[in-house]
Amino acid sequence: MKIVLIGYMGSGKTTIGKLLSKKLNINFIDLDAYIESKLNLSVSDIFKDRGEIFFRKMEHKYVQELMEEKKSFILSTGGGTPCYANNLALIQKHTKHNFYLKLSIPSLVKRLINEKESRPLVQNIAENDLPEFIGKHLFERNNFYLQANTTIVCDTKIPEDIVNEILENLK
Ligand code: S3P
């Protein structure tokens, strides 16, 4: 079984993926960490040294590689993964267990204010400009995220509740 988590930066894909992995005893893979280990470079350095287009090519290459694997895993994608190349179609071709972890703009702003540094796309956005930036970015990306087989509204839920909702959905 393959489970894929999608959603905007800061939506909790990695946290939820790790918890799910413990519950189901299935291997957890974080796509960004996977790319970093393959290239031996951090995502920030890939963006800085090679640019975003190169990152998107690598993201696509490794989504493809992972989706073609026979083994089970839980994959937390990057915030942009479903929005580029044909990654979303590829994911959906290989698993119906794809979940959009949805958060409101204010919740995302709250989280990303403290986690900007490791994320090249928001690193240089001033705190005051984050709500507008995220609002526009989410507007562009929503169309992709909302194509996930299941949307989980996460704003008021603790991680355990989100995990349970996903587990219910797998039944
Ligand atoms: C990106 C999100 C990041 C990472 C890269 C690009 C995006 O992953 O893949 O910085 O386009 O939204 P997280 O969603 O884990 O922050």
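The buried residues of helix H1 pack against strand S1 (2-6), S2, strand S3 (73-76), S4 and H8. Here two residues are in contact if their C-beta atoms, placed from the backbone, lie within 7 Å, and a residue is buried if 20 or more other C-beta atoms lie within 10 Å of its own, exposed if 12 or fewer, and partly exposed in between. Helices (H or I, at least four residues) and strands (E, at least two) are DSSP runs, numbered from the N terminus. The model is predicted: local features need pLDDT of at least 70, side-chain atom pairs count only at pLDDT 80 or more, and totals for chains, interfaces and linings use all residues. Residues are numbered from 1 along each chain as its sequence is written.

The buried residues of H1 are Lys-13, Ile-16, Gly-17 and Leu-20. They cover an arc of only 100 degrees around the axis, so they are on the same side of H1. The arc is that of the directions from the helix axis to the C-beta atoms. The end C-alpha atoms of H1 are 16 Å apart, which agrees with the 16 Å that its 12 residues should span at 1.5 Å a residue. The expected span of a helix is 1.5 Å times one less than its number of residues.

Just after H1, Asn-25 takes a positive phi of about 55 degrees. Asn-25 is a residue other than glycine, and its place is the loop between H1 and strand S2 (28-30). Asn-25 counts as exposed because it has 7 C-beta neighbours inside 10 Å. A positive phi near 55 degrees is also found at Asn-40, likewise a residue other than glycine. Asn-40 belongs to the loop between helix H2 (31-39) and helix H3 (43-50). With 7 C-beta neighbours inside 10 Å, Asn-40 counts as exposed.

Helix H8 (residues 159-170) also has 12 residues, and the distance from its first C-alpha to its last is 17 Å, close to the 16 Å expected at 1.5 Å a residue. Within H8, Ile-162, Val-163 and Ile-166 are buried. These three cover an arc of only 100 degrees around the axis, which puts them on the same side of H8. Glu-160, Asp-161, Leu-167 and Glu-168 are exposed on the other side of H8. The cover over the buried residues of H8 includes H1, strand S4 (98-102) and strand S5 (150-153).

Several residues carry a "binding site" annotation in UniProt. An unreviewed UniProt entry lists Thr-14 under this feature. UniProt positions are given in the numbering used here, feature names are shortened, and annotations may be inferred rather than shown by experiment. Thr-14 is part of helix H1 (residues 13-24) and counts as partly exposed because it has 15 C-beta neighbours inside 10 Å. Apart from neighbours within four places in sequence, Thr-14 is in contact with Asp-30 and Ser-76.

The unreviewed UniProt entry also places the feature "binding site" at Asp-32, Arg-56, Gly-79 and Arg-141. Asp-32 is in helix H2. With 22 C-beta neighbours inside 10 Å, Asp-32 counts as buried. When residues up to four places away in sequence are not counted, Asp-32 touches Val-43 and Gly-78. Arg-56 is in helix H4 (residues 52-67). Arg-56 has 17 C-beta neighbours inside 10 Å and therefore counts as partly exposed. Its contacts, not counting residues up to four places away in sequence, are with Tyr-84 and Ala-85.

The surroundings of the ligand were also listed. Met-9, Asp-32, Val-43, Gly-78, Gly-79, Gly-80, Arg-119, Pro-120 and Leu-121 surround the ligand. A residue is near a molecule or strand if its C-beta atom, placed from the backbone, lies within 6 Å of it. The shell around the ligand divides into four nonpolar, three polar and two charged residues. Ala, Val, Leu, Ile, Met, Phe, Trp, Tyr, Cys and Pro count as nonpolar, Asp, Glu, Lys and Arg as charged, and the others, Gly among them, as polar.

Asp-49 belongs to helix H3 and is exposed, with 10 other C-beta atoms within 10 Å. Asp-49 and Asn-128 are 79 residues apart in sequence, and their C-alpha atoms are 28 Å apart in space.
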